[in-house]
Amino acid sequence: MKSLSRARGAPSRVIPRVRVPLRRVQGEAGFQVLELSIAAGILAVVIAGLSGAMLSGMNVVGMSRQRTAAASLATERVERIRNLGFDQVALTEQPVHNPDPQNPDNAVTTDNTSYRVGAATEPLIVSSTGGAVRHIEDPVLSGPTELYIYQYVTWVDDPAIAGTQNYKRATVIVTWRRPLKGAVSSRIGMSTFVGKGTVSVPAATPTFASPSPSPSSTPTPVPTIVPGICVGDTTAPTDPTLRILSGAGADNGFTNSTGVQTRLQAQDACSVVTAQLSNNGSSFTDVATLPSAKATTVSWTVPGGDGTKTVWARFVDGAGNRSSVVQGSIVLDQTKPTAPGSLRTASCSISSDTRSVSLTWNASTDANLSGYRLYVSVNSDPFQFVAPTSSTSITSTSSKSMQSVRYMVRAYDKAGNESPDSSILTFTKNSC
């Protein structure tokens, strides 16, 4: 035992600590870069998938909005036609066949007399005087999309009814010219039938998900709600106004063109209104859809021939309620005044370098004569307008040192028509 024990006071033995260096496993750094590359690739794939899904979703939402806007517009036009009188359900202009298969007018026959509705070909109904249905209407904006309206009215032959023109079919096609990428269709169509009398429709038999006793009372029909129209609206547009603008360069109330500009306005609490114009007070044509209480300028053509022209206007809301008829007048004058006669010098004087000439001429004739305009040409340059006058004389000054000064006069009337040129009076250098 003594040999195994340590003697008292003997120093203890210290075992040194050995540090073993940690060596990096070969390829460890490359493994971390590989992991990072794989993670980045997976993240890129996920982000690309999410972006594609978002773009696809936005595309679907955009197409849905376009179709909804087109369907609402088509429904509104169909309801408007249904509220017309039977004789008014006719086109105001003749549709013409279009060879483009994407154009709705492609369904018009090549002789422009009929329209293909599905498998049927039906004669078109056109009446420029009694019709109230425009074939093509101006584009309607819905956000960034332009909606175009094509309307057709045709005769329908019902084999169960004697005769060939039993009732009318009105077809409304709404197209949009700038569909979103990937849009499947760029048009939507609706149609309605119009007859002279009452059309009897068999009552629908209600069906139930599970057997139950038949109801003792007739179910109440669900009303059709047209977007943008108040349910049960019976109030016509109010404050109808029509103002015919004067022609360019004409006095107030005059024009020298059959194409006039009208300012139209009406108010309606439930929907936009359709402005209708007439040249006889009885046959009206749709010309524009107007926002309520907002004046809009619309082009219109009055009949030819000098004289006072009257235009009538009325406004129809989305429910078919019509405003009272208002009217406006303008004087159409397309006859030019006769040329001023015998342009001559009444007096002439020279003072220093200035030549003063008093000119006179014979009067022109015109029912609405307004005055005369003096034109001057210096040194053979083109004639330039200098001054107007309401009399048959005027005084003009010029430099006597000019090689030539030429004078010419034209008459003008209240509609802006100018007469032919008068004769030309010429003064040479230093002459009087």
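This report describes a surface patch, a sheet, a nonpolar core and the salt bridges of one predicted model.

The model is predicted, so local features need pLDDT of at least 70 and side-chain atom pairs count only at pLDDT 80 or more, while totals for chains, interfaces and linings use all residues. Residues are numbered from 1 along each chain as its sequence is written, and side-chain values use heavy atoms, with hydrogens and water left out.

Helix α1 covers residues 28-82 and includes Val46. Helices here are DSSP runs of H or I with at least four residues, strands are runs of E with at least two, and both are numbered from the N terminus. Val46 is partly exposed because its relative accessibility is 44%; buried means under 20% relative accessible area, exposed over 50%, and partly exposed in between (1.4 Å probe, protein chains only). Together with Leu34, Ile38, Ile42 and Leu50, Val46 forms a nonpolar surface patch with about 470 Å² of accessible area. Patch members have over 30% relative accessible area and no salt bridge; nonpolar side chains (Val, Leu, Ile, Met, Phe, Trp, Tyr) are joined within 5 Å, like charges within 9 Å. Areas come from the Shrake-Rupley method with a 1.4 Å probe, and for residues only the protein chains shown count as cover.

**The nonpolar core**

The largest nonpolar core has 33 residues, of which Tyr115, Leu147, Tyr152, Val172 and Val174 touch the most other members. Such a core is a set of buried Ala, Val, Leu, Ile, Met, Phe, Trp, Tyr and Cys residues joined through side-chain atoms within 4.5 Å. At least two residues of this core come from each of α1, β1 (114-117), β4 (145-156), β5 (167-176) and β6 (187-194). Strand β4 gives the largest share, seven residues.

**A three-stranded sheet**

An open antiparallel sheet has three strands in the order β7-β9-β12; two strands pair if DSSP finds at least two bridges between them. Strands β7 (238-244) and β12 (296-301) are at the edges with a single partner strand each, so one side of each has no neighbour in the sheet. On average, neighbouring strands of this sheet are turned by 30° against each other, direction ignored. Strand β9 (residues 259-267) is joined to β12 by six bridges, and Leu264 stands opposite Thr296 in β12.

**Salt bridges**

A salt bridge needs a side-chain nitrogen of Lys or Arg within 4 Å of a carboxyl oxygen of Asp or Glu. The count by this rule is seven, among them the pairs below.

| Pair | N to O distance |
|---|---|
| Glu76 and Arg80 | 2.6 Å |
| Glu418 and Arg410 | 3.1 Å |
| Arg410 and Asp421 | 2.6 Å |

Arg410 lies in strand β20 (residues 404-413), and Asp421, eleven residues away, in the loop between β20 and β21 (425-428). Arg410 is partly exposed because its relative accessible area is 21%; Asp421, at 43% relative accessibility, is also partly exposed. Shared partners join Glu76, Arg77, Arg80 and Asp286 into one salt-bridge network. Glu76 and Arg80 are both buried. These two residues are about one helical turn apart, because they are four residues apart in helix α1.

**Val378**

Val378 lies in strand β17 (residues 369-378) and is partly exposed at 29% relative accessibility. The C-alpha atoms of Val378 and Ser404 are separated by 5.9 Å, although the two residues are 26 residues apart along the chain.

Notes
Axes fitted to C-alpha atoms, helices over the stretch in contact; angles between N-to-C directions.
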